[in-house]
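Here is a short briefing on one protein chain. Keep the structure open beside the text and find each residue as it comes up.

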Amino acid sequence: MYYRNNTRRINRQKRGDLSGPIYTILMIVFVIVAAIMLYNYFQSRTSVLTTQAQISIVNPQLAGNVYSITVENIGTTPVTITSISIYPQNSQTPVITQTIDTELNPGQSTSIVGTSSTQFITGNKYIVVIEGHTDGGQEVAAESIAISQ
């Protein structure tokens, strides 16, 4: 009889103790779901930030009626360079407008060399504008000041 009474007490204790494991399992599921949601949020934010289209004008040279400009893709997506324009400082009318079609992958650079119908005036400042676009249609532009030598 003593053995039978002890068994009943153990069974009653086990039935009432189910809330602890259920609570633990629910907390683990909640933490996993929250971690997945945070991971997806930050993954989507970094993918937006890492796909940038950006070009840079490196070392523009103007001498006589010749210009030489190096353009570098410093972004993370390919860019197609479409045009180059050179404006005298404080002017809305370009001295040079050249249409080009050169694709630059990230990290690549290209040199654009050409001649102008007019001479660049030694010591004057000129504004160099390079325009392009990405495959997704995003417009890209860079501007630099060059001094004629």
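**Strand S5 and its partners**

Valine 66 has threonine 115 as its bridge partner in S5. Keep in mind that this is a predicted model. The briefing starts from this pairing and then moves on to the whole chain.

- A second bridge can be found too: glutamate 72 has serine 109 as its partner in S5.
- How many bridges join S2 to S5? There are seven, and the two strands run antiparallel.
- In general, the strands of a sheet pair through backbone hydrogen bonds, in a parallel or an antiparallel way.
- S2 and S5 belong to an open sheet of three strands, in the order S1-S2-S5. The pairing in this sheet is antiparallel.
- S1 and S5 are the edge strands, and each of them pairs on one side only.
- On average, neighbouring strands of this sheet are turned by 15° against each other, if direction is ignored.

**The two faces of S5**

- Strand S5 spans residues 109–115.
- Its covered face holds Thr110, Ile112 and Gly114.
- Its uncovered face holds Ser109, Ser111, Val113 and Thr115.
- Leaving out residues up to four places away in sequence, threonine 110 touches Ile69, Thr70, Val71, Thr102 and Leu104.
- Threonine 110 and valine 71 are 39 residues apart along the chain. Their C-alpha atoms are separated by 5.5 Å.

**The whole chain**

- The chain has two helices and seven strands.
- In what pattern do they follow each other along the sequence? The pattern is α-α-β-β-β-β-β-β-β.
- The chain has 149 residues, and 24% of them are buried.
- Take the contacts between residues at least 6 apart in sequence: 59% of them join residues at least 24 apart.
- The accessible surface of the chain is about 10400 Å². Carbon and sulfur atoms account for 56% of that surface.

**The largest nonpolar core**

- The largest nonpolar core has 22 residues. Which of them touch the most other members? They are Tyr67, Ile69, Ile86 and Ile130.
- Six strands each supply at least two residues of this core: S1 (55–63), S2 (66–73), S3 (79–88), S4 (96–104), S6 (125–133) and S7 (139–147).
- S3 gives the most to this core, with four residues.
- Neighbours within four places in sequence aside, isoleucine 86 is in contact with Leu62, Tyr67, Ile69, Pro94, Val95, Ile96, Phe120, Tyr126, Ile127 and Val128.

**Serine 144 in strand S7**

- Serine 144 is found in strand S7.
- Is serine 144 buried or exposed? Its relative accessible area is 16%, so serine 144 counts as buried; the cut-off for buried is under 20%.
- Again leaving aside neighbours within four places in sequence, serine 144 is in contact with Ile57, Pro60, Tyr126, Ile127 and Val128.

**Aromatic pairs**

- The structure holds two aromatic pairs.
- One of them joins tyrosine 41 and phenylalanine 42. The ring centres are 5.2 Å apart and the planes lie at 70°, so this pair is edge-to-face.
- Tyrosine 41 has a relative accessibility of 47%, so it counts as partly exposed.
- Phenylalanine 120 and tyrosine 126 also form a pair. Their ring centres are 5.2 Å apart and their planes are at 80°, so this pair is edge-to-face.
- Phenylalanine 120 and tyrosine 126 are both buried.

**Two asparagines with positive phi**

- Asparagine 59 lies in strand S1. Its phi is near 50°, a positive value in a residue other than glycine.
- Where is asparagine 90? Asparagine 90 sits in the loop between S3 and S4.
- The phi of asparagine 90 is near 65°, again a positive value in a residue other than glycine.
- Asparagine 90 has a relative accessible area of 79%, so it counts as exposed; the cut-off for exposed is over 50%.

How values were computed
Residues numbered from 1 in each chain as written. Predicted model: local features only at pLDDT ≥ 70, side-chain atom pairs only at ≥ 80, totals over all residues. Heavy atoms only, no water. Core = buried A, V, L, I, M, F, W, Y, C linked by side-chain atoms within 4.5 Å. Buried < 20%, exposed > 50% of the residue type's maximum accessible area, 1.4 Å probe, protein only. Contact = heavy atoms within 4.5 Å. Areas by Shrake-Rupley, 256 points an atom, 1.4 Å probe, with all protein chains shown as cover. Pairing = 2+ DSSP bridges. Axes fitted to C-alpha atoms, helices over the stretch in contact; angles between N-to-C directions. Phe/Tyr/Trp six-rings, centres within 6.5 Å; stacked < 30°, edge-to-face > 60°.
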